[in-house]
Amino acid sequence: MAKKKQVEVDLNSDWGYSPAPESKGHIKIKPQYDQFIGGKFVKPSNGKYFDTINPANNEKLSSIALGSAKDVDKAVRAARKAYSEVWSKLSGKERGKYIFRIARLIQERAREFSVIESLDGGKTIRESRDVDVPLAANHFFYYAGWADKLEYAFPNKKPTSLGVAGQIIPWNFPLLMAAWKIAPALAAGNTVVLKPAETTSLTALKLAELIKDSGLPDGVVNIVTGFGDTGAAIVNHPDVNKVAFTGSTGVGKIIQRAIAGTNKKCTLELGGKAANIIFEDAPINQAVEGIVNGIYFNQGHVCCAGSRLFVQESVYEEVIRKLKHRMNTLIVGDPMDKNTDIGAINSKEQLDTINKYIKIGQQEGAEFYQPACKLPKKGNWCPPTLFTNVSQSSRITQEEIFGPVLAVQTFRTVDEVIAKANNTPYGLSAGIWTDKGSKIFNMTTKMRAGVVWANTYNKFDPTSPFGGYKESGFGREGGLQGLSAYLNLN
Amino acid sequence: MAKTVTKKNVKVLENGNGVAKTNRLSVLKTYKIYIGGKFPRTESGRYYELKDSSGNLLANMCLSSRKDYRNAVVAARGAFGPWADRAAFNRGQILYRIGEMLEGRRAQFVDELMQVGSSKLSAEQEVDLSVDRLIYYAGWCDKYTQIFSSVNPVASAHFNFSVPEPTGVVAAIASESTGVLGLVSVIAPVIAGGNSIIALASETKALCAVSFAEVINSSDVPGGVVNIITGKEDELYKHMSTHMDVNSFIYAGSNAEHFKTIQVNAADTVKRVLDYSKVEWTSEKGQSPYYISDHQETKTTWHPIENIGGSSSKY
Amino acid sequence: MSRIKSKSLLPDFKLSPTVDQVGIEERTARFQTRSIKSETKVVGLKKVLNMIDLTTLEGKDTPGKVKQMCYKAQHLHDSMPDLPTTAAVCVYPSMVSLAKAELIGSGVKVASVSTAFPSGQAPMEVKISDTKFAVDQGADEIDMVISRGRFHAGDYNFVFDEIAAIKEACGRARLKVILETGELGTLDKVRRASDIAMYAGADFIKTSTGKIAVAATMPVTLVMLEAIKDYYYKTGIMIGMKPAGGISKAKLALHYLVMVRETLGDAWLTNEWFRFGASSLANDVLMQLVKQETGNYQSADYFSID
């Protein structure tokens, strides 16, 4: 009998993967980007710019206009003008055709957008190429078709557009979130003022170039850039009819307070701390893949990340052993390499936050595991991280970390895991792994969360509504349900 | 609770029972609040006087405190899960039963509405409309899910569907202008959708709110699903909107400043806030399945589809 | 008999772990996004060559055909230095002694199919004598088929006992057990058959005979690799894997190597533990190797087709 030894993957063997960098040759990034207001690229009224950097090497990529309240006002005026003079008068059919054009143009320039997304945000080229950019194009394509069919969506109602939508998006899926916001707003007949996150403005501004190419009437989409105060100026602008925000629960609450007493419609897509639950009768190998996809996808910068893992005690050893093995095969490093699984942490600040939580986890006495991996010298990096032996009261199980950090707990019974999974102020998503159909339906019904993935995780589609319960926000993005956020139903 | 016996009261009872006039001393009703399927007095021991248009005392109403509200939220939270788990058909039957019970007490409600100032005609219309509204929502219980659900044709090999699920515990400040219709119009869609509710009744027309609680209590509605308190909006709106275990808030009052504060407070736990202050409950727009969907969350479920039969080359 | 001495260690094969097909396909798609370039590609392609069981299993096989193939196994492309030989040649029992003679001293093994290949529809005695014959003729490896009919009928004990009996008949020859996954219907059944084969004594598990339309696929192979991994976790015993049929392109073969590496680790990346059952794969690999060296895309006319 052969000697018993651990199955390991040695990444330093004679057959490691050679570098496979995505070509950057055909990509042009200008040294400076202005805001897109009223169909033109406009210099910031205060003349100020800020740097956008590549988090994989902390080198500057370009300068971005620092938008002020004055610029926001300009953008809202342009949006209002476009709304009342052009866009609200256009038929749904014609609106739809413009949106279809945008979808097609994104598809044509997909590789360019992927490369810029990875350079600016640190996400792997594999993800921006295979997930972000195609989904963004699909989202425009999906909502384009709704533009002349709105009356079919809401029985017995006459849907009408709202006016100007102010939209603020995060840095984890920059182009995709822009698509999630802009596409339904335009389809419903609104005009838009959108602010991308300060660390990832580039693809939104490239999208502005593309929108200009599409011939969309001036002012229908406006993009202002800057930090939180620029976003606040959008939220507080009296002529904005609707606020849509994706980001942290903390900021979401500020926005909800800020619009109190106004008639602004609001949708919030906020944080999460999802439970990913593995039962003993699950297809374990696929469940392990689901765990990895749930928490290490996009460096864990995912609001619906499966950051709390619950494993039934009878399969705990097996799951953790296989999970560690799988973690060893993950390649951390250059986002532009086609083989990289985990790219750069989006910013120095975010890396500090993640490291703070890793320290907290260690201080709380949880067992800590990171695979040995060679990290580049420059840039912001965090290897996939696992904490076992944690409890429900640990901070790393309660607070959103927004990084590749997984906290594992065990459970024994269905009731116990339902109670623990729902024991959080958040309610965005959950994962269930079991081969038993009746158990799946029990579990998916009991999870107080807006998206439940059963025997899969982190799947997105333009037709599929996404959004949370409780402090994970309200309103839905995607699907028929995503339209109502941008319509008055009379 | 001490009560002044007035002519008015005597008359009410006589009319209400349809009994011939006698000189018998009538038995008066103590108006209490409704929490967790029980009729306690307010824990504060306080009351406010409800008077008719001539200034005669109708009743000493409970002046509910923040603690009464807290107790009601506890009851509502406990009742929420089992109520949401009830079959939709069963919820429909129970709502229908509420309608039946209200219909049976039609005369009492008309009388109580007239005592607080309604004309006979408008009182009758209000009660009839309230009954009809309950029947309307009873019918919706097992239908709105079909209207608001979808199967989503995702591009991957997954079955994907979205269904509405109840938001949870709902707090409501009912319209001040009607005694029973405003209350029925917020309670019915909320519980039809599987939520539980704590409603603050109209302050000046609270008589039938308490009577309506009695109707609820005799209609197989599990204790805690509907909780009705009486008192002053001024005193309670802040506490009601800061309570962290409330998921959704309905405002059907008329004070814009209150509403703004409610919205600000609601943000602490990202409560959903519904503005019903402009709704004309007697109109066509006073009822719709969209009032049910206002207190529903969309849940989307994904599951892989094994594709064996048609994919000999792939498998 | 089986390596597993105590019957209590045998699992209930009806309880073999379940497999989620969509999850398996997503994982295999992910392996195919690995980009294998430059040095990795050259090393990988040479590994592939060295893992091939060069196969001819035709009714029309002749000594001439087998001789030519045996030569090719040792001289893949002589104009290119430093090329390995294939791992083995795979033939019918009647050709074993001839192949053995042709390959003396080359290190190339002789594998023989047996047990009434490819259907397996023969009595046990015939299968055992078929196997013993091939081993007596000098076969280093035996590729048997399982009784798929009995497997579908739920007669797992029969299938188990048959494999164990053939293993005994093999003596020193290594036993590859062909599941004929294209006839099994679901990935769950592939998993169950893999477990039965390994616990009954297989040294290798193999996907296909190559005689039906559906042969090796990446999803099927991944399910079998996972079964091997679980068996290894439980027993510490390494089992080899052989996808056969349908793998004719170098790029696909490299993706198989990626799959093996990330599922089982580098220890399996030798021809002791991993084989390709293929007849036309070698030339495509050779064309890619020459292309890597010269930079020019190649023509099939420059590569021998033995």
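**View 1. The interface of chain B and chain C.** In this predicted model, 11 residues of chain B are in contact (heavy atoms within 4.5 Å) with 17 residues of chain C. About 990 Å² is buried between chain B and chain C, 53% of it on carbon and sulfur atoms; buried area is the accessible area (1.4 Å probe) that two parts lose on being put together, summed over both. The side of chain B that touches chain C comprises 5 nonpolar, 4 polar and 2 charged residues, with Gly counted as polar and Tyr as nonpolar.

**View 2. Domain 1 and domain 2 of chain A.** Chain A is divided into domain 1 (32–270 + 469–489) and domain 2 (275–454), with bounds from an automatic or database domain assignment. Their C-alpha centres lie 30 Å apart. Between these domains about 2,700 Å² is buried, of which carbon and sulfur atoms give 55%. On the side of domain 1, W171(A), Y469(A) and K470(A) lose the most area to domain 2, together 22% of what that side buries.

**View 3. The salt bridge of E59(A) and K378(A).** The side chains of E59(A) and K378(A) meet in a salt bridge at 2.8 Å, N to O (a side-chain nitrogen of Lys or Arg within 4 Å of a carboxyl oxygen of Asp or Glu). The count between domain 1 and domain 2 of chain A is 1 salt bridge.

**Notes.** Residues are numbered from 1 along each chain as its sequence is written, and chains are lettered from A in the order in which they are written. Local features need pLDDT of at least 70, side-chain atom pairs count only at pLDDT 80 or more, and totals for chains, interfaces and linings use all residues, while side-chain values use heavy atoms, with hydrogens and water left out.
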